[in-house]
Amino acid sequence: MAPKILVIPGSLRTNSHNVRLAALAGKELSLAEADVTRISLADYALPLYDGDLEAHSGVPHNAVQLKRMLAAHQGVFIATPEYNASVPPLLKNAIDWMSRVRERGEAPLAVFKRRAFALGAASPGGFGGMRSLLALRQVLEIGCGALVIPEQIAVPHADTAFDDMDNLKDEHLTASLKTAVRALIDTAQRIA
Ligand SMILES: Cc1cc2nc3c(=O)[nH]c(=O)nc-3n(C[C@H](O)[C@H](O)[C@H](O)COP(=O)(O)O)c2cc1C
């Protein structure tokens, strides 16, 4: 059966390079016969994590909904911007809140541990968001116990990297994306 893969761009910005990368990843995943859902974190607005807020009001409904969205998929592709050599707060905050959700007596972080993650980044800079990829890998693997596949894609000079059809102009980058997509599907099927 086709694995269900969730695609999450880590930016809300109009004309975001990472929204574009996420859309392309979604297209490649569909071509590889995955059942793809692409979401926007704009639909899961969350306050900045605050322990007092959690103690008084519990985990916000949107964090529970986002965690359930992950739980409904076997694999996740995240396209992250790089802010000051790390993960942007939008994405880190969403992960932090999700890491606080406990439903029906499930083990802590269970939703991260039972699915495969693949990462991509796009930046107008020359490193292509590579440091954000490393930081996000640390958060997910070491912080949340997730299985993050080694295959990933970093798109440098993202402002000129896409053509009019929103495909990547560079054939090596296109090959990297296809490799990551294939590995994500294979891993998601294996651990599901
Ligand atoms: C606060 C801030 C910090 C940034 N730091 C970096 C950085 O460390 N490395 C980098 O490559 N780009 C950096 N950028 C530029 C982003 O890569 C760029 O704004 C990019 O377009 C954001 O991703 P998006 O197009 O998906 O929104 C930074 C941007 C902002 C707003």
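At roughly what angle do the axes of helix H1 and helix H8 cross? In this predicted model, the answer is roughly 60 degrees, with the axes of H1 (residues 17-31) and H8 (residues 171-191) coming within 10 Å. Angles under 35 degrees count as roughly parallel and those from 65 to 115 as roughly perpendicular, so H1 and H8 end up oblique to each other. As for handedness, H1 passes H8 in a right-handed crossing. On the H1 side, the contact is made by Leu24, Ala25, Glu28 and Leu29, while H8 brings in Leu177, Lys178, Val181, Leu184 and Ile185. Sorted by class, that contact has seven nonpolar residues, two charged ones and no polar ones.

Now for the strands. Strand E3 (residues 75-80) is mostly covered, with six of its six residues buried. In a regular strand, side chains alternate between the two faces of the sheet. In E3, Gly75, Phe77 and Ala79 point one way, whereas Val76, Ile78 and Thr80 point the other way, and all of them are buried.

E3 also has pairing partners. Strand E1 (residues 4-9) runs parallel to E3 and is joined to it by five bridges; here Val7 has Phe77 of E3 as its bridge partner. Strand E4 (residues 116-122) is parallel to E3 as well, with six bridges joining the two. In that pairing, Ile78 stands opposite Leu119 of E4. Phe77 and Ile78, the E3 residues picked out in these two pairings, point opposite ways from the strand, and both are buried.

Methods: Residues are numbered from 1 along each chain as its sequence is written. This is a predicted model: local features need pLDDT of at least 70, side-chain atom pairs count only at pLDDT 80 or more; totals for chains, interfaces and linings use all residues. Side-chain values use heavy atoms; hydrogens and water are left out. Axes are lines fitted to C-alpha atoms, for helices over the stretch in contact, and angles run from 0 to 180 degrees between N-to-C directions. Helices (H or I, at least four residues) and strands (E, at least two) are DSSP runs, numbered from the N terminus. Angles under 35 degrees count as roughly parallel, over 145 as roughly antiparallel, 65 to 115 as roughly perpendicular and the rest as oblique. A crossing is left-handed if the near helix is turned anticlockwise from the far one by less than a right angle, and right-handed if clockwise. Contact means heavy atoms within 4.5 Å. Ala, Val, Leu, Ile, Met, Phe, Trp, Tyr, Cys and Pro count as nonpolar, Asp, Glu, Lys and Arg as charged, and the others, Gly among them, as polar. Buried means under 20% relative accessible area, exposed over 50%, partly exposed in between (1.4 Å probe, protein chains only). Two strands pair if DSSP finds at least two bridges between them.
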